[in-house]
Amino acid sequence: MDFLWVVTVTICFMPVFHLAESSTAHYDKILTHSRIRARDQGPNVCALQQVMGTNKKYFSTCRNWYQGTICGKRATVLYECCPGYMKMEGERGCPAVAPIDHIFGTLGIIGATSTQRYSEMSKLKEEIEGPGSYTFFAPSNEAWNLLDREIYNGLIENVNIELYNALHNHMVNRRMLTKDLRNSMTLVSMYNNQKLHINHYPNGVVTVNCARITHGNQIATNGVVHVIDRVLTPVGNTIQDFIESEDDLSSLRAAAFTSDVMETLGKPGHYTLFAPTNEAFEKLPRGILERIMRDKVASEALIKFHILNTLQCSEAIMGGAVFETLEGNTIEIGCDGESLSINGVKMVNRKDIVTSNGVIHLIDQVLIPDSAKQVMELAGPHQATFKDLVAQLGLAASLRPEEEYTLLAPLNRAFSDDTLNMDQRILKLMLQNHILKVKVGLNDLYNGQFLETLGGKKLRVFIYRTAVCIENSCMIRGSKEGRNGFIHIFRQIIKPAERTLHEVLRSDKRFSTFLSLLEAAGLEEVLSQPGDWTFFIPTNEAFKGLTEQEKEILIRDQNALRNILLYHLIQGVFIASGIEPGVTSILKTIQGGKLYLKMINDTLLVNELKSTESDLMATNGVIHVIDKLLYPADMPVGNDQLLAILRKLIKYIQIKFIHGSTFKEIPLTFYNIKTITRVVGGPTIRKEIEEPIIKKYTKIIDGHPVEVTEREVTEERIIQGPELKYTRITAGGGTDNEETLKKLLEEEVTKVTKLIEGDGHLLDDEEIKQLLQGAGSEYTKVTKRVEGQPQIIETEIKKIHLEDIPVRKVQSSRKAQGSLRRRTRLVHPGTRRQNP
C-alpha cells in the first residue's frame with residue numbers, strides 16, 4: 001500500500017518533470033493518473049469521480065481527487081474499464097481488449113447507441129462503415145435527451161437532410177486522437193466547412209465547441225470515435241453578431257459601441273465574453289453608470305474586463321482558476337455545482353453560447369475593474385472605516401473626478417475608539433494627511449522622497465528590502481490603481497513628525513540622563529539639524545545607580561563618551577515595522593561598530609535587547625526606546641575606573657579590558673554639511689552656486705528596489721531691499737554685444753569700483769566695457785552699486801539623475817583677496833518679488 005501511495009504521488013508531480021513534453025497530452029496524463037489510482041482493482045481499470053446528484057463523471061486531477069470534491073460538490077469514486085478495454089466473466093479488472101470495428105460498429109461498442117441509430121436513419125451508416133479516416137465526435141445517449149425539443153423534432157422530421165447534416169457536423173475528415181487535439185485549435189467539420197473549436201485544458205478536459213469528451217480514443221478501422229456530452233449545433237455568428245441581435249444585451253451593446261470594443265468582438269479569435277444583461281446594468285447606481293459611459297477610457301476598461309483572450313467553456317471549470325482579461329487585470333472563475341462563479345460570486349445564468357470566434361456566458365452583475373473606478377471606490381471592506389470617515393467629514397466631496405489623488409488608507413483595526421471619539425476638526429486634519437494631491441503609484445516611490453498631503457504636511461518615504469513605509473506606518477499588499485488615483489493600504493494611522501530629535505528628548509523626562517550626556521559630548525547639534533537618523537535612546541532606568549561622580553568621570557573622557565553615545569546612532573531612518581521579521585539586519589553605527597536588529601512577534605530587538613517602545617518619529621529621524629545602555633562587544637576598555645562604571649551599567653555582555661587601550665577619536669564632522677563653491681554660467685554673466693550634493697537612494701521599479709543616484713543643486717536669488725544693494729558681475733570668457741552690455745549697466749548706476757588685491761578705485765565707462773568683454777584678467781570683481789539691500793528670498797533645489805545627465809566640470813575664476821564669498825545675481829530695483 002505504501003508503494004502505491006509513492007507511485008501515486010510521483011504520478012501527480014509528473015508534469016513538473018516533463019515540461020518539455022507536448023502540452024496537448026493533458027487528457028492522456030490524467031488518464032494515466034486514474035489507472036494508477038485503480039491499480040488494486042485489477043488491470044486496465046480507471047478511477048473516476050462522479051459528482052453526487054448528477055451523471056457527470058471525470059478522470060480528475062490530483063487536486064480534485066484528494067479534496068474529494070468537484071466544483072465544491074462531494075464526488076464519489078467509481079471504477080470502470082479504461083477506454084478500449086472490457087471485462088471478462090470471472091476475471092479481475094478489465095483484461096480484454098474491445099474489438100476493433102468500423103465507426104458504425106464502434107458506436108455500439110462504446111454505448112453511443114442513439115448516435116448509431118440516427119446514423120442509420122439518416123443514411124450515414126454506409127459512409128462510416130466504408131473506407132476512410134474519420135474522427136467522429138459522437139453525442140452520448142444523455143446528450144440527445146438534453147437537446148432542445150424543438151431542434152430535436154426538426155432533425156427527426158427531416159432525417160435525410162437535417163439529421164444527416166447535423167451528424168456530418170460532428171465529423172472531421174481525418175483521424176485525430178486526443179493527443180492531436182491541441183488547445184485553441186480550429187477544425188473544419190464535414191458539413192459546410194463549419195468551425196469546430198478545440199480546447200485542451202491543463203486539467204485534462206478536452207472540449208469541442210464546449211462539448212466535453214467523456215470517453216476518448218476509441219479506435220476504429222476507419223478512424224476514431226470520441227464520445228461527447230452534448231449535441232453540436234452549427235455555429236455561424238460572431239460574438240458581435242450575437243450582441244447586436246440579442247434584445248437583453250442592449251445596455252452592453254451601447255457600452256461596447258461607446259468604447260470601440262465591438263469591432264474586436266467581430267474579428268476571428270478565441271474569446272470568452274461574460275456578458276452582463278440589461279438587468280445587470282440596472283443594478284448599478286445611476287451616477288456610477290453615467291460617469292463610466294461618459295468616459296471613453298473607463299467604458300473601454302469596463303467592457304474589456306468582461307473579455308478573456310482564451311476560450312473558457314463551463315465544462316472545463318472544475319475549481320477556481322485565475323484568468324487575465326483584455327483590460328489587463330485578472331478575474332477568478334470558479335464553479336458551484338452546475339453554476340459558474342466570478343470572483344467568488346454566483347452570477348452566470350446562461351452559459352456556453354458558442355460563436356464562430358468564442359463563447360458567451362450571460363451574467364446578472366456588471367464587473368467593474370479598478371481602472372474604471374474613482375479613487376474612493378477602490379476602498380474595500382478592510383478600509384471601510386477610513387472610507388466612511390472621509391465621507392462623513394466632507395473630504396470625499398472635495399475629491400474631483402477630473403483631478404488625481406492618492407489615498408493612504410489605514411486598515412479598520414488602526415482606528416481605536418479613542419481616535420474615533422476625538423474632536424472632528426482634529427480627525428479631519430488627520431485624515432487630510434492620508435490624501436495626496438497627486439497620483440503616486442508604488443513604482444513612483446523612492447527612499448527619502450517627500451509627499452505633500454491635502455493638509456499641507458510633507459510625508460517622508462522609506463524603502464526597505466521587503467517593506468515600503470511612509471512615516472511611522474508601512475504598506476501591506478493590496479495597492480490599487482483607479483481612474484483618477486491610487487490607494488495604498490497601511491497597517492497604522494500615519495502620524496507626520498512635528499518635532500526634532502532634540503525636541504522629542506527634551507520633552508520626555510525619561511531621557512534626561514542620556515540627553516545630558518549628549519550635550520556634554522557636544523552632540524546636541526546633530527539632534528536639531530536636518531538629517532536622517534535612527535537613535536536607540538536608553539531611559540534613565542539604564543543609568544540606575546550611576547552617581548554624579550561617576551558621571552563626571554565618564555564625561556571627562558570625551559573620546560570614550562562619544563564612542564559609547566555614537567554606538568546608539570545610525571545614519572538613515574529605520575522604523576521597526578520596516579524590518580523584515582525573523583531576519584537579522586546588520587547596521588553600521590556612527591561609532592563604527594555594528595548593531596544587530598531583528599523583529600520577533602512585532603517586537604524590535606537590538607543586540608537581542610527588547611525595545612520598550614518603537615518608532616517615536618522626529619522630523620530628522622526616529623527614536624527606539626531601550627532600557628539598557630548599548631556597548632560594542634569588541635571595543636576594549638583600558639581604564640580601571642571607566643571599566644568599573646561600565647560594568648555597573650552593562651551586565652548583559654562581558655566588557656573586555658586591555659591595559660593602556662584608548663578610545664578612538666570621532667570628529668564631529670560626520671554630520672556637517674560641506675559645500676564647495678564653484679563658478680557656473682554663460683559666457684559673460686556667471687552666477688555662483690553650491691557644489692551639487694550627491695544623494696543615493698532606493699526606488700521601487702517594477703516591484704523591485706533599485707539604487708538611484710541624484711544630485712541637488714542649490715541656487716540663491718535676491719530681491720531689492722530697503723537700503724544699499726551690491727551686485728557683483730564677474731567677467732568670463734567670450735564677448736557680448738553693445739546692447740547686452742548697455743542693459744547690464746543701465747538703471748540707477750551710481751558708482752563702479754575696480755578692486756585689485758583688495759584696493760579699489762573708480763572705473764570709467766570704457767574700462768567697464770573692456771572688463772565685461774573679457775579684457776584685463778587682473779580685474780577680479782566689479783561692484784555695481786544701486787539702492788537697496790540684498791536679501792535672499794528663495795532657494796531652488798534642482799534634482800538631476802546622474803545616470804541620465806553627465807556632470808560638467810567648470811573651472812572657477814581666481815578670487816582676489818578680500819573678495820566676497822557669496823556672489824549674487826543682479827535684480828533691478830523695479831522688479832519686486834515676495835518671499836514664498
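Biologist: Which residue in β33 does Leu597 stand opposite?
Modeller: That's Val606. This is a predicted model, where local features need pLDDT of at least 70, side-chain atom pairs count only at pLDDT 80 or more, and totals for chains, interfaces and linings use all residues. Residues are numbered from 1 along each chain as its sequence is written, and side-chain values use heavy atoms, with hydrogens and water left out.

Biologist: How many bridges join β32 to β33?
Modeller: 4 bridges, with β32 (residues 594-600) and β33 (residues 603-606) running antiparallel. Strands here are DSSP runs of E, at least two residues, numbered from the N terminus, while helices are H or I runs of at least four. Two strands pair if DSSP finds at least two bridges between them.

Biologist: And which residue takes a positive phi in that hairpin?
Modeller: Asn601, near 50°, in a hairpin with 2 residues between the strands.

Biologist: What is the bridge partner of Val606 in β34?
Modeller: Leu609. β33 is joined to β34 (residues 609-618) by 2 bridges, antiparallel again. They form a hairpin with 2 residues between them, and Asn607 in the turn has a positive phi of about 50°.

Biologist: New topic: how many disulfides turn up in the whole structure?
Modeller: The search finds 5, counting pairs of cysteine sulfur atoms within 2.5 Å. One of them joins Cys71 to Cys335, S to S 1.9 Å.

Biologist: Where do Cys71 and Cys335 lie?
Modeller: Cys71 is in the loop between β3 (69-70) and β4 (73-81) and Cys335 is in strand β17 (residues 330-336), so the pair ties together parts that are 264 residues apart in sequence. The link is left-handed, with -95° about the S-S bond.

Biologist: Is Cys71 buried or exposed?
Modeller: Buried, at 8% relative accessible area; the cut-offs are under 20% for buried and over 50% for exposed, with partly exposed in between (1.4 Å probe, protein chains only). Cys335 is buried too, at 14%.

Biologist: What about the link of Cys81 and Cys94, left-handed or right-handed?
Modeller: Left-handed, at -85° about the S-S bond. Cys81 is partly exposed at 23%, whereas Cys94 counts as buried at 0%.

Biologist: Last one: which helix is Asn563 found in?
Modeller: Helix α22 (residues 558-566). Asn563 is buried, with a relative accessible area of 1%.

Biologist: Which residues does Asn563 touch?
Modeller: Leaving out residues up to four places away in sequence, Gln591, Met635, Phe663, Lys664 and Ile666. Contact means heavy atoms within 4.5 Å.
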